[in-house]
Amino acid sequence: MNREKTNDLLLMAEQVINQSNYNNLSELNIIPLDKDSQNIRAEDVLCLFKISEIVYDGKESCDDKFSIIFNALHSCGASCIMILECIEGRTELYLGAVNKQRYENIYYLNVIRDILKTSISGNLPGSEIKEIIARKDIK
């Protein structure tokens with residue numbers, strides 16, 4: 001990799017880490033969403049689980065467990081979504097996936113859902129998870 005590209009990547013990483021890229025949002029051009037993307041419904045490309053309790057062996061790295069889950073999603077072309085919600089001093093964790101490669105095949109979301117669910121259950125056995133089916137299931 002050449003030096004200029006390395007510097008560009010470091011600058012991009014610094015902007016994300018320091019969130020300095022938000023300072024100039026008003027100067028950026030708005031790019032309209034294309035028609036195909038406008039027609040994608042969230043429920044056709046997204047699966048979400050609420051994790052109410054995480055159980056793992058304290059002798060093992062929890063980071064490794066989540067890395068395995070994220071890599072499983074990546075291997076099937078999905079992006080991971082993690083939502084942390086703080087309510088009255090308690091943190092709620094939602095973990096989900098977006099079918100970003102085969103969104104025209106709504107059945108492929110079932111594959112992604114199964115991979116996510118079995119990855120969580122297999123790497124964090126005993127953890128309590130509940131699939132979020134509708135928006136009303138999110139408190």
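**Salt bridges and nonpolar core**

Lys-65 counts as buried, at 18% relative accessibility; buried means under 20% relative accessible area, exposed over 50%, and partly exposed in between (1.4 Å probe, protein chains only). This is a predicted model, in which local features need pLDDT of at least 70 and side-chain atom pairs count only at pLDDT 80 or more, while totals for chains, interfaces and linings use all residues. Residues are numbered from 1 along each chain as its sequence is written, and side-chain values use heavy atoms, with hydrogens and water left out.

**Salt bridges**

- The structure holds four salt bridges, a salt bridge being a side-chain nitrogen of Lys or Arg within 4 Å of a carboxyl oxygen of Asp or Glu.
- Lys-65 pairs with Glu-60 in one of them, at 2.7 Å from N to O.
- Glu-60 is partly exposed, with a relative accessible area of 38%.
- In another, the closest N and O atoms of Lys-50 and Glu-92 are 3.3 Å apart.
- Lys-50 lies in strand β1 (residues 46-53) and Glu-92 in strand β3 (residues 90-99), so this pair ties together parts that are 42 residues apart in sequence.
- Helices (H or I, at least four residues) and strands (E, at least two) are DSSP runs, numbered from the N terminus.
- Lys-50 is buried at 15% relative accessible area, and Glu-92 is buried at 11%.
- Lys-50 and Glu-92 also belong to a network of salt bridges with Arg-90.

**The pair between β4 and α5**

- Glu-131 and Arg-113 form a salt bridge, with their closest N and O atoms 2.5 Å apart.
- Glu-131 is in strand β4 (residues 128-132) and Arg-113 is in helix α5 (residues 108-123), so the pair ties together parts that are 18 residues apart in sequence.
- Glu-131 counts as partly exposed at 24% relative accessibility, whereas Arg-113 counts as buried at 19%.

**Nonpolar core**

- The largest nonpolar core has 18 residues; such a core is a set of buried Ala, Val, Leu, Ile, Met, Phe, Trp, Tyr and Cys residues joined through side-chain atoms within 4.5 Å.
- The residues with the most contacts inside this core are Ile-69, Leu-95, Ala-97, Ile-112 and Leu-116.
- At least two core residues come from each of β1, α4 (62-75), β3 and α5.
- Helix α5 gives the largest share, five residues.
- Leaving aside neighbours within four places in sequence, Ile-112 is in contact (heavy atoms within 4.5 Å) with Cys-47, Leu-73, Cys-76, Ala-78, Ala-97 and Asn-99.
- In soluble globular proteins, nonpolar side chains tend to be buried together.
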